[in-house]
Amino acid sequence: MTNREEAEIQVSELDLLSSMFPYEEEFSVTDQLAVAELKHFVEHESAEMPSSKIQFILNVKPEDSNASMVNFSMVCALPFKYPSVLPEITVRSPLLSRSQQAQLNSDLKTYLMQNFSGEPCVLSAREWVKDQAAAYIDRELSPSSVTTSNAVRSEDVIFTRLWIYSHHIYNKQKRKNIIEWSKELSLSGFCMPGKPGVVCVEGLQNNCEEFWSRIRRLTWKRILIRHREDISLEDGCLTEIQKQRKFSTLEEKCFDAHGARGNHMDLGQLYQFLEEKGCADIFQMYFGVEGH
């Protein structure tokens, strides 16, 4: 199979996924530029190979009615040689421990290796996750390991809040990544774009660390964790986790942008917002002065 034939199959599969799952909460492409490059390569014989792999997220609700409130996220990347080689798929859920998540992903890879060779298989992988997820949730929620149906394993019950500082956040793709990754990882908080850039994420420790791992790999002039909060929860139920949240979801917050490029925020309004959320002390950590 030639590179162009493989690219044509990838474009067809993306179009099929888009038509089957039209809503962003079901299917979202991480990098639209990579899709544009791929389509250009397919349509123009003289075009060079794309520089970036296609990456997207499929959110799946398992078949088991008892698990209807649990979402699984399939983070997918299509290698340039796909479907001649298998796709790179990582399945995540905030209710899975690291070991269970590793087992689920290992089983999925085995299933794909045994059943697919040289043909598109993302939809089949999604069906496998949809059908098999309940078994992994059952392992998580077995009577021997938890006391309530809302429980998370003890190794996961550290609630973390990260306060991230960036020299600036302008890039629309980075801002989109922040929103999408937080949603995928069940994190709440806020993002203030502009100069400087402020990002706060809160949720399970593993998910916060995964978010930071992804964010720091992007290209930044300067980015760092300005402050970190870790809270151990004796009762690891989801209700207790929700009680710790200061934000209900993660959203982008703009405070009367001004300046030549409209990229400077009103820090007084930022302070008022933090004060309303019970986080006023963070302002001084960021800017070295007390807010008012």
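This is a predicted model: local features need pLDDT of at least 70, side-chain atom pairs count only at pLDDT 80 or more; totals for chains, interfaces and linings use all residues.
View 1. The chain exposes about 14,900 Å². Carbon and sulfur atoms supply 47% of that area. Its secondary structure comprises 9 helices and 9 strands. Of the contacts between residues at least 6 apart in sequence, 68% join residues at least 24 apart.

**View 2. An open antiparallel sheet.** The sheet has 4 strands, in the order S1-S2-S3-S4, with antiparallel pairing. S1 (27–29) and S4 (88–92) are the edge strands; each has a single partner, so one side of each lacks a neighbour in the sheet. On average, neighbouring strands are turned by 15° against each other, direction ignored. Helix H1 (residues 3–20) lies across S1, S2 and S3. H1 runs at about 30° to S2.

**View 3. The S2–S3 pairing.** Strands S2 (residues 54–60) and S3 (residues 72–78) run antiparallel and are joined by 7 bridges. Phenylalanine 56 stands opposite cysteine 76 in S3.

**View 4. The largest nonpolar core.** This core holds 35 residues. Elements giving two or more residues to the core are H1, S1, helix H2 (32–43), S2, S3, S4, helix H3 (98–115) and helix H4 (122–140). H4 gives the largest share, 6 residues. Leaving out residues up to four places away in sequence, methionine 74 touches Phe56, Ile57, Leu58, Val60, Ile89, Thr90, Val91, Val122, Ala125, Arg126 and Val129. Another core, of 18 residues, lies apart from this one; among its members are Trp163, Met192, Phe273 and Tyr286.

**View 5. Tryptophan 163 against phenylalanine 190.** The whole structure contains 11 aromatic pairs. In the pair of tryptophan 163 and phenylalanine 190, the ring centres are 6.2 Å apart and the planes stand at 65°, so the pair is edge-to-face. Tryptophan 163 sits in strand S5 (residues 158–166) and phenylalanine 190 in strand S6 (residues 188–192), so the pair ties together parts 27 residues apart in sequence. Tryptophan 163 is buried, at a relative accessible area of 0%. Phenylalanine 190 is also buried, at 0%.

**View 6. Phenylalanine 190 against phenylalanine 273.** Here the ring centres are 5.1 Å apart and the planes are at 80°, so this pair is edge-to-face. Phenylalanine 190 belongs to strand S6 and phenylalanine 273 to helix H8 (residues 267–276), 83 residues apart. Both phenylalanine 190 and phenylalanine 273 are buried. Ring pairs link Trp163, Tyr165, Phe190, Phe247, Phe273 and Tyr286 into a cluster.

Methods: Residues are numbered from 1 along each chain as its sequence is written. Side-chain values use heavy atoms; hydrogens and water are left out. Two strands pair if DSSP finds at least two bridges between them. Axes are lines fitted to C-alpha atoms, for helices over the stretch in contact, and angles run from 0 to 180 degrees between N-to-C directions. Contact means heavy atoms within 4.5 Å. Accessible areas come from the Shrake-Rupley method with a 1.4 Å probe; for residues, only the protein chains shown count as cover. A nonpolar core is a set of buried Ala, Val, Leu, Ile, Met, Phe, Trp, Tyr and Cys residues joined through side-chain atoms within 4.5 Å. Buried means under 20% relative accessible area, exposed over 50%, partly exposed in between (1.4 Å probe, protein chains only). Rings of Phe, Tyr and Trp (its six-membered ring) pair if their centres lie within 6.5 Å; planes under 30 degrees apart count as stacked, over 60 as edge-to-face and the rest as tilted.
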